[in-house]
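Please find below a short briefing on a protein structure. The sequence and the model are shown first, and the notes follow by topic.

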Amino acid sequence: MLVYDYMENGSLDRRVFECEESEMLSYQDRMRVLKDVATGILYLHEGWENKVLHRDIKASNVLLDKEMNGRLGDFGLARMHGHEQVPNTTRVVGTIGYLAPEVIKRGRFSTQSDVFGFGILILEVLCGKRPIKEGQPPLVDLVWLKMKQRQLLSALDERLTRRGGFDMEEAEKILHLGMLCAYPDPTARPTMRQVVRILEGRTRENDDTECEDIEKCLSNPQEMWSKYPLYLGRGDHPTFKEIKESISSSMSLSWSDALVEGR
């Protein structure tokens, strides 16, 4: 028998996408939920005697309680291993749109692939758009284009912009954080500990060189992303076509039925 806490307000996606404006989460509520989820992922990665990779971080797997606090749910694809062990798997599971490039191309799951999923979560929650939608470029491509044009704030959910009442400079920084977490090179992504510190504004509490480096990237993300000048449509993040070709041609990867379209 499994016993769960009752999450009165359902899943996060129902309060962000295609909902009545009266039921939509405010900017402050969305930020609180993102902090709750980031703290939960940090615990999975560092806070327990074993390391847990969630492997399916997305808005529909974030549940909201009576006070709109967020909790990460659905551990059906999670994998546990010792902190000193390297995950050994070539079985690709997860949801298209949230899968890191290294997962699609090499079947390599790590804490950094969870960080990637959290980066996509940041983007979809603040932009009010799903990561993939038929007939449109992936959300990460759209945000990258806005960032390249120095119009990043125009990527924000229009309903949030109309409502106002939040710090635009902070919102821009969090969008930068989402893009940094979703960076194609996993070694350049922040750790969840760094992400939590940034979300809580605690990067300057002590002399932390790593957090200083992340702050520099957040202050000038165009410089970092300029390494991918042909990013849009090039496939540094895998496309549907690449995924289908991998399924049909690769014998080294075991593709699970759990690999589904993002929703």
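**Briefing on the predicted model**

His 45 is located in helix 1 (residues 27-47); helices (H or I, at least four residues) and strands (E, at least two) are DSSP runs, numbered from the N terminus. This is a predicted model, in which local features need pLDDT of at least 70, side-chain atom pairs count only at pLDDT 80 or more, and totals for chains, interfaces and linings use all residues. Residues are numbered from 1 along each chain as its sequence is written, and side-chain values use heavy atoms, with hydrogens and water left out.

**His 45**
- His 45 is buried, its relative accessible area being 5% (buried means under 20%, exposed over 50%, partly exposed in between, with a 1.4 Å probe and protein chains only).

**Leu 199**
- Leu 199 belongs to helix 7 (residues 192-199) and is buried, at 6% relative accessible area.
- Beyond its neighbours within four places in sequence, Leu 199 is in contact with residues including Met 31, Phe 118 and Leu 177 (contact means heavy atoms within 4.5 Å).
- Leu 177 is 22 residues from Leu 199 along the chain, and their C-alpha atoms are 8.9 Å apart.

**Confidence**
- The protein chain has an average pLDDT of 80, and 73% of the residues score at least 70 (pLDDT is the predictor's confidence in each residue, from 0 to 100).
- Among the elements of the protein chain, helix 3 (residues 111-127) has the highest mean pLDDT (96) and strand 7 (residues 254-255) the lowest (38).
- Residues 229-235 stay under 50 in pLDDT.
- Where pLDDT is low, the predicted coordinates should not be read in detail.
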